[in-house]
Amino acid sequence: MSDTRVYRAQPADLAEILPLVEEFCAADDHPYDETRVARALAPLLAGDEHGQVWLVDADPEPRPGPDAEPKSERNAEPGAGIVVGYAVVTWGWSLESGGREALLDEIYVRRRGAGVGAVLLQRVLAAAVEAGAAVMFLETEAHNERVRGFYARHGFAADDSVWMSRALTSPVR
């Protein structure tokens with residue numbers, strides 16, 4: 001994984017993030033609305049108040065030959081490789097958690113099975129701890145046993161709680 005870099009996304013990264021979000025939505029059969037996604041990403045890219053967006057880039061293949069640039073120079077700056085994934089973490093607050101908690105809202109990598117997702121997840125977990133979160137939550141599709149196995153290997157466990165949701169419209173009735 002020496003050719004893999006994880007770094008905080010900035011507002012200028014929006015154009016690279018949107019196609020990844022679209023791929024994620026297609027993979028999970030969720031609707032994709034670029035305007036809505038861009039609007040939701042904007043405050044996350046601008047600062048830490050609501051959460052963080054992380055990108056992972058990887059060199060597609062090492063450059064062979066004696067004249068090839070050293071790996072450290074090729075990936076000296078974020079974005080030096082090809083962006084192959086992202087993660088979005090948002091903040092919540094809970095009495096039960098004792099304060100700040102993190103929600104892994106989305107994580108997506110194009111290179112499944114190559115360890116890229118594990119590198120990204122470990123960095124995101126560390127960043128949540130650095131930001132003062134006591135616990136990280138996530139949700140998965142009920143049918144996706146493969147991804148639940150991935151999270152279990154990284155210390156996540158299923159809760160007895162059942163998440164429920166309701167769209168909020170105006171006026172709320």
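The protein chain exposes about 10900 Å², and carbon and sulfur atoms supply 52% of that area, where accessible areas come from the Shrake-Rupley method with a 1.4 Å probe and, for residues, only the protein chains shown count as cover. This is a predicted model, in which local features need pLDDT of at least 70 and side-chain atom pairs count only at pLDDT 80 or more, while totals for chains, interfaces and linings use all residues. Residues are numbered from 1 along each chain as its sequence is written, and side-chain values use heavy atoms, with hydrogens and water left out.

Of the 173 residues in the protein chain, 36% are buried, a term that stands for under 20% relative accessible area (1.4 Å probe, protein chains only). Among contacts (heavy atoms within 4.5 Å) between residues at least 6 apart in sequence, 68% join residues at least 24 apart.

The secondary structure comprises five helices and five strands, taken as DSSP runs (helices H or I, at least four residues; strands E, at least two) and numbered from the N terminus. Along the sequence these elements follow the pattern β-α-α-β-α-β-β-α-β-α.

Strands are said to pair if DSSP finds at least two bridges between them. Strand β2 (residues 51-58) pairs with strand β3 (residues 82-94) in the antiparallel sense over eight bridges, and here leucine 55 stands opposite tyrosine 86 in β3. Strand β3 is also joined to strand β4 (residues 99-109), by ten bridges and again antiparallel, with alanine 102 in β4 as the bridge partner of tryptophan 91. The hairpin of β3 and β4 has four residues between the strands, and in this hairpin glycine 98 takes a positive phi near 80 degrees.

Definitions and conventions. Buried < 20%, exposed > 50% of the residue type's maximum accessible area, 1.4 Å probe, protein only.
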